[in-house]
Amino acid sequence: MEHTSNPARDVMAESSPARDTGHGTAPVDAVILDWGNVLHRWEAHRAVEGRVEPAVWEEMTTTGEFTRWNRLWDAGATLEEVLAAVGAEQPVRTDKVEAMRTYWEHFDETLTEPVPGTVPLVRALLDAGTPLYCLTNFNHLLWHHGRERVPELARFHGVVVSGEERLVKPDARLYRRLLDRYGLAAGRTLFVDDSAANTAGAGAVGLVTHHFTTADALHEDLAARGLLPTAVD
């Protein structure tokens with residue numbers, strides 16, 4: 001799983017500008033939700049705490065190395081492929097290879113808790129008959145952990161996992177693949193993600209977007225669009 005800091009160059013070259021919520025505008029018929037830190041918390045450091053030297057992990061995260069290597073997993077690489085890539089890039093840093101192995105082996109511990117307030121919104125949308133979809137940057141070999149954490153996914157109309165598609169957000173092709181697969185109109189579909197880069201990429205292909213910060217803010221947007229009442233049990 002990964003959150004990128006800048007949209008991919010080909011995404012930003014798209015002709016349609018990114019669109020944020022603008023409460024009360026752009027009525028929508030369907031909602032696409034990100035998984036990590038929208039439906040459920042993902043805290044990468046939890047996998048390595050007490051197992052990897054803090055200085056090594058800090059170096060890997062502050063330099064962006066962990067994000068870059070983890071992105072390979074999001075794109076469908078195996079454990080062995082990523083470890084080989086790390087070793088080839090930094091052959092004398094076996095500690096980094098072992099840190100990435102440790103992260104993978106204890107990945108389950110990174111999925112800490114549901115995002116407060118989101119699950120009731122999801123259930124209310126499902127009960128109201130709103131078509132829900134999930135689009136997540138997630139390794140396909142680890143996805144069972146994510147699926148198990150959010151049982152409501154079984155009621156979604158569709159789930160697209162980057163590792164299975166070998167494409168990662170904010171690649172324009174991944175958004176289009178979901179839209180085409182499920183016959184959705186971009187301008188009538190709300191995309192929700194906690195990454196500004198990912199919402200920008202979605203907006204570039206014409207999706208209506210919501211940059212997720214809190215469940216309360218999302219609820220306000222959904223209510224303004226008439227998808228939910230102002231109060232949800």
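**Figure 1. Overview of the predicted chain.** Residues are numbered from 1 along each chain as its sequence is written, and side-chain values use heavy atoms, with hydrogens and water left out. The chain has 11 helices and five strands (DSSP runs, H or I of at least four residues for helices and E of at least two for strands, numbered from the N terminus).

**Figure 2. The largest nonpolar core.** This core has 54 residues, and W35, M100, Y103 and F138 have the most contacts inside it. A nonpolar core is a set of buried Ala, Val, Leu, Ile, Met, Phe, Trp, Tyr and Cys residues joined through side-chain atoms within 4.5 Å. Leaving aside residues up to four places away in sequence, Y103 touches W42, A44, A47, V48, W57, F66, N70, W73 and T110 (contact: heavy atoms within 4.5 Å). A second, separate core has 17 residues, including I32, L178, V205 and L207.

**Figure 3. Helix α10.** Helix α10 spans residues 196-204 and is largely enclosed by the rest of the structure, because eight of its nine residues are buried. The buried residues are A197, N198, T199, A200, G201, A202, G203 and A204.

**Figure 4. The two ends of α10.** At the start of the helix, a side-chain oxygen of S195 lies within 3.3 Å of the backbone nitrogen of A197. Just after α10, G206 has a positive phi of about 100°.

Conventions: This is a predicted model: local features need pLDDT of at least 70, side-chain atom pairs count only at pLDDT 80 or more; totals for chains, interfaces and linings use all residues. Buried means under 20% relative accessible area, exposed over 50%, partly exposed in between (1.4 Å probe, protein chains only). A polar contact is a pair of N or O atoms within 3.5 Å; within protein, one must be able to donate a hydrogen and the other to accept it, and residues adjacent in sequence count only if both atoms are side-chain atoms.
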